[in-house]
Every structure is written in structure tokens, then in C-alpha cells.
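Thanks for coming, everyone. I have one structure to walk through today. Have a look at the screen, and then we start.

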Amino acid sequence: MADSALDVLVICGSLRKASFNAALARALPALGPARLALRYAAPLDNIPPYNADVQDAGNPPAVVALTDAIRSADGLIIVSPEYNWSIPGGLKNAIDWVSRMKDQPFKDKPVALQSAAGGILGGSRMQYHLRQSLTSVDAILFGRPEVIITFAAQKFDEKTLELKDQTAIDMIKLQLAGFERFIRRVSAKG
Ligand SMILES: Cc1cc2nc3c(=O)[nH]c(=O)nc-3n(C[C@H](O)[C@H](O)[C@H](O)COP(=O)(O)O)c2cc1C
């Protein structure tokens, strides 16, 4: 129904306490439309490196929990730094695990991407690699507007980690509003 709230899972690609990406993820509820209900996936650090032998012995609980959380969501927002021009290993590993689960839940799932990174490209190369990997598992990638926060240390308050860059805030508002329309358009939630 057009009036129903959409349930959107936010996944963060950084594990560190003072993460700019985690701070970005925390800022989202205040910037999104009322009918976008955001919830957060557990941090990815309980997911072991992918190994088919481990999987054959039984799926790790953290992978089952993440798979269920993705499956039940109307859409995903992945918020992540860039590591060495690409996807942080922990996040890529989580995607690899979930992709090998029965009836893998990325199929037909709307996904929006955001990144904050220290460099001049703000994690955009990582976003492009995520687009490739997620296309391989039949996710439906939201296009524009993109949320790319360059020189992250200058855009968040040093002490509170509050996002203080108005250009970034405006882009996030536009993206979240566009993502709500996108989910309703590509799924049966319209
Ligand atoms: C292993 C590693 C690789 C990195 N590679 C990049 C990179 O390719 N591009 C970039 O902009 N920043 C890079 N950085 C810097 C991160 O963008 C910066 O540490 C950022 O704050 C990490 O995100 P977080 O604050 O959410 O943890 C790298 C950091 C690490 C630890």
C-alpha cells in the first residue's frame, strides 16, 4: 500500500567505534521520509571468513541472522568506507556468505549505497565494486542521487561525530526520498 511504511535495513561496512560511516548511518533516520523505517544490521565482525566446508558443517548464526534481516527488509542501504580502492573485506565476506544461502535474499532487493572515506573520491570506487557484486546476486541498485562523502574527517564533528556538511545532508535527503519512491516502484509495495 502506498501509505505503508517501508522497512529498510542499514548495513555498515566499518567495524570501528569512531567510524564515520557508522556515524553517517546513525544520521539517516532524521534525514529520511517518515515512511522509511530504518533498522540496523548487527556489526559484521561475528561473521567468519567464507569457507564452504564451514558452511557444510552448519551456517554460522551471524550469517543466518543477517540473511533473515535482509530477507525481511523492503530494501537495504549499505554505508561503507573504501579500503584500497575497493570493498572492505568484512563487508565483501558478508555478501559472499549471504549469496551462498538457500534462496539468497539479495535477489530483487532494492539497494542504495552510501560512503564516507578519507580520500578525494569518497569511496566512489568501492561503490562501483559493490554495484558489480550486488548485480551478480540480482539485487536492484538505486542509481542517483549518490551519497559520497569525501575527506570525511572534515565533514563530521571531531568530538560528537555529528555530520555537519550541508551539501552531504542535502544529498542524503534527496537520496532517501528517491529511494522510497524507487522501492515502491520496483517492488509490489507501491
Ligand atoms: C585498510 C584501509 C584502506 C583504505 N583505503 C582507502 C581508499 O582506498 N580510499 C579512501 O578514500 N580511503 C581509504 N582508507 C581510509 C578510510 O577512508 C578512512 O580510514 C575512513 O575513516 C574509514 O571509514 P570509517 O571511519 O567508517 O571506519 C583506508 C583505510 C584503511 C584502514
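**Backbone, sheet and cavity**

Let me begin in the loop between α4 and β4, residues 110-116, where Asp103 is found. Its phi is positive, about 50°, although Asp103 is not a glycine. Before going on, a caution: this is a predicted model.

Why look at phi at all? Because most residues other than glycine have a negative phi. Is Asp103 buried or exposed? Asp103 is exposed, with a relative accessible area of 56%.

Next, Asn84. This residue sits in the loop between β3 and α4. Phi of Asn84 is near 50°, again a positive value in a residue other than glycine. Relative accessibility of Asn84 is 78%, so it counts as exposed, the cut-off being over 50%.

One more backbone point. Most peptide bonds are trans. Between Arg144 and Pro145, though, the peptide bond is cis, with omega about 0°. Where is Pro145? Look in the loop between β5, residues 140-141, and β6, residues 147-149.

Now the strands. Start with β1, residues 6-12. Six of its seven residues are buried, so β1 is mostly covered. What does β1 pair with? On one hand, β2, residues 36-40: the two run parallel and are joined by five bridges. Leu6 stands opposite Leu36 in that pairing. To get from β1 to β2, the chain passes through helix α1, residues 20-31. That β-α-β crossover is right-handed.

On the other hand, there is β3, residues 75-79. Five bridges join β3 to β1, and this pair also runs parallel. Here Val10 has Ile77 of β3 as its bridge partner.

Last topic: empty space inside. Rolling a probe the size of a water molecule over the atoms shows where such space is left. How many cavities of 30 Å³ or more are there? The count comes to one. About 50 Å³ of space lies in the largest cavity.

Which residues line the largest cavity? They are Ile11, Leu44, Leu66, Ile70, Ile78, Leu91, Ala94, Ile95 and Phe106. By class, that is nine nonpolar, no polar and no charged residues. Two helices, α3 (61-72) and α4 (89-99), each supply at least two residues of this lining. The most comes from α4, with three residues.

To recap the backbone: Asp103 and Asn84 have positive phi, and the Arg144 to Pro145 bond is cis. That is my tour. Over to you.

Note on methods. Residues numbered from 1 in each chain as written. Predicted model: local features only at pLDDT ≥ 70, side-chain atom pairs only at ≥ 80, totals over all residues. Heavy atoms only, no water. Buried < 20%, exposed > 50% of the residue type's maximum accessible area, 1.4 Å probe, protein only. Helix = DSSP H or I, 4+ residues; strand = E, 2+ residues; numbered from the N terminus. Pairing = 2+ DSSP bridges. Right-handed = clockwise from strand over helix to strand, strands pointing away. 1 Å grid on protein atoms, 1.4 Å probe; cavity = no way out; pocket = protein on both sides within 12 Å on 5 of 7 lines; lining within 4 Å. Points joined across faces, edges and corners; volume = space filled by probe spheres on them. Nonpolar A, V, L, I, M, F, W, Y, C, P; charged D, E, K, R; others polar.
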